[in-house]
Amino acid sequence: MKAGGFLTMAMALCMAVSVKAQEKMTLMPAWMPQSQFAGYYVALEKGFYADENIDLTIEHMGVNSSKPGIERIGSGEVDIIISHPIQALMARDYGLKVKNVLQVTQNTGIMIVSHKKLDGPQSLNGQSIGRWKSGFSEICEICCLNNNLDVKWVPFLNGINLFMSGAIDATVVMKYNEYYSLVEAMGSIDPENVLWFADCGYDIPEDGLYVTEEYLAGHRDLVERFCRASMKGWNYCVEHKEECVDIVMDYMEKVGVKTNRYHQTVMLDGMIELLRNRETGRIDYASIPQDKYDKLVRDLLKAHYIETPVSYSEFSK
């Protein structure tokens, strides 16, 4: 056989080995497709997961499944999920041993917007406040509990309609999502009508990546490669915002989720703001500081969201 033939065979063999080496993974974000998860779409589109020999599928609640990621990771239907520390700790209390393998956001974006002026948590006393039915507003309830406030919580699925209609006094919002929806609808929001939980001693980092202890034990290298590609995706978002919004918009259109470019742009800006470590000013994907973690566990125990404490080493990789 000629040298060229050997070379062609060798190249084909290398390609076959490369394809075979790709390992399948399924990621499930915490909600419908949007810029909140831009880093993962970008890492998939730009080939960062493929570079790590990962064949990734992304499935969303509300598009691919009616069950949240916590349930699906417990049954082995998905491999890795995006969730918040509170949901992860509550899952552990139910017996699902999930572990934080990468803390992506470094701060909280949870706020309360009121029709009235707000001056600290005490000014919420006596108000009716909308919160998400699906969870993720527990830190607001913990803050009110710790300040002995009498608050009427009104659950809603999503959106701003209850607040806009005047049916409730105030509403829980995410800075990078519903807050901007309110700004679009109202034109502006008086800063005095906003309460930031980050400024009230509850700056708990939110979006992180979680796997089960069992999955991590058998796939540690795969998980580390996944985290590396995901960080690369988010870093790319910081440097190429317009391109990344294009990718998000295309992804949302393909799965039939309606949106507009302005909202996805400000959401991406808001997410990038939350990526930045307040202590260092850098985007460093640092683990939750242990003092914040220990306070969170104490607060969850006091509010009976969990019944058994979870050590820092049990929670974080």
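User: How do I read "contact" here?

Analyst: Contact means heavy atoms within 4.5 Å. Take Glu141, which sits in helix α6 (residues 138–146). Setting aside residues up to four places away in sequence, Glu141 touches Arg131, Trp153 and Tyr305. Before going on, note that the model is predicted: local features need pLDDT of at least 70, side-chain atom pairs count only at pLDDT 80 or more, and totals for chains, interfaces and linings use all residues. Residues are numbered from 1 along each chain as its sequence is written, and side-chain values use heavy atoms, with hydrogens and water left out.

User: What joins the side chains of Glu141 and Arg131?

Analyst: A polar contact of 3.3 Å. The term covers a pair of N or O atoms within 3.5 Å; within protein, one must be able to donate a hydrogen and the other to accept it, and residues adjacent in sequence count only if both atoms are side-chain atoms.

User: How are helices such as α6 set, and is α6 buried or exposed?

Analyst: Helices (H or I, at least four residues) and strands (E, at least two) are DSSP runs, numbered from the N terminus. Buried means under 20% relative accessible area, exposed over 50%, and partly exposed in between (1.4 Å probe, protein chains only). In α6, seven of the nine residues are buried, so the helix is largely enclosed by the rest of the structure. They are Glu138, Ile139, Cys140, Glu141, Ile142, Cys143 and Cys144. Their cover includes α5, β5 (110–114), β6 (128–132), β7 (152–156), β8 (170–174) and α13 (290–302). Just after α6, Asn148 has a positive phi of about 55 degrees.

User: How is the protein divided?

Analyst: Into domain 1 (23–107 + 205–315) and domain 2 (110–200). The bounds come from an automatic or database domain assignment. The contact takes 25 residues from domain 1 and 19 residues from domain 2. Taken over C-alpha atoms, the domain centres are 24 Å apart.

User: How do I find empty space?

Analyst: Rolling a probe the size of a water molecule over the atoms shows where empty space is left. The search uses a 1 Å grid over the protein atoms alone. A cavity is a set of points where a 1.4 Å probe fits but cannot get out; a pocket is an open set with protein on both sides within 12 Å along at least five of seven lines. Lining residues have an atom within 4 Å of a point. Grid points are joined across faces, edges and corners, and a volume is the space filled by probe spheres set on the points.

User: How many cavities of 30 Å³ or more are there?

Analyst: One. Of the 13 residues that line this largest cavity, His84, Ile86, Ile110, Ile139 and Glu206 are the closest to its centre. Its volume is about 100 Å³. α5 gives the most to its lining, with three residues. At least three lining residues come from each of domain 1 and domain 2.

User: What about the largest pocket?

Analyst: Its volume is about 1000 Å³. Of its 45 lining residues, Trp31, Gln34, Ser134, Asn177 and Glu178 are the closest to the centre. For classes, Ala, Val, Leu, Ile, Met, Phe, Trp, Tyr, Cys and Pro count as nonpolar, Asp, Glu, Lys and Arg as charged, and the others, Gly among them, as polar. The lining divides into 23 nonpolar, 17 polar and five charged. It also draws at least three residues from each of domain 1 and domain 2.

User: Where is Gln34, and why does it count as buried?

Analyst: Gln34 lies in the loop between β1 (23–28) and α2. It counts as buried because its relative accessibility is 8%. Leaving aside neighbours within four places in sequence, Gln34 is in contact with Tyr41, Asn177, Val248, Met252, Gln264 and Met267. Its side chain also makes a 2.7 Å polar contact with that of Gln36.

User: Which residues line the second largest pocket?

Analyst: Tyr41, Leu44, Glu45, Ile247, Asp250, Tyr251 and Lys254. The space is about 160 Å³. α11 gives the most to this lining, with four residues. By class, the lining has four nonpolar, no polar and three charged residues.
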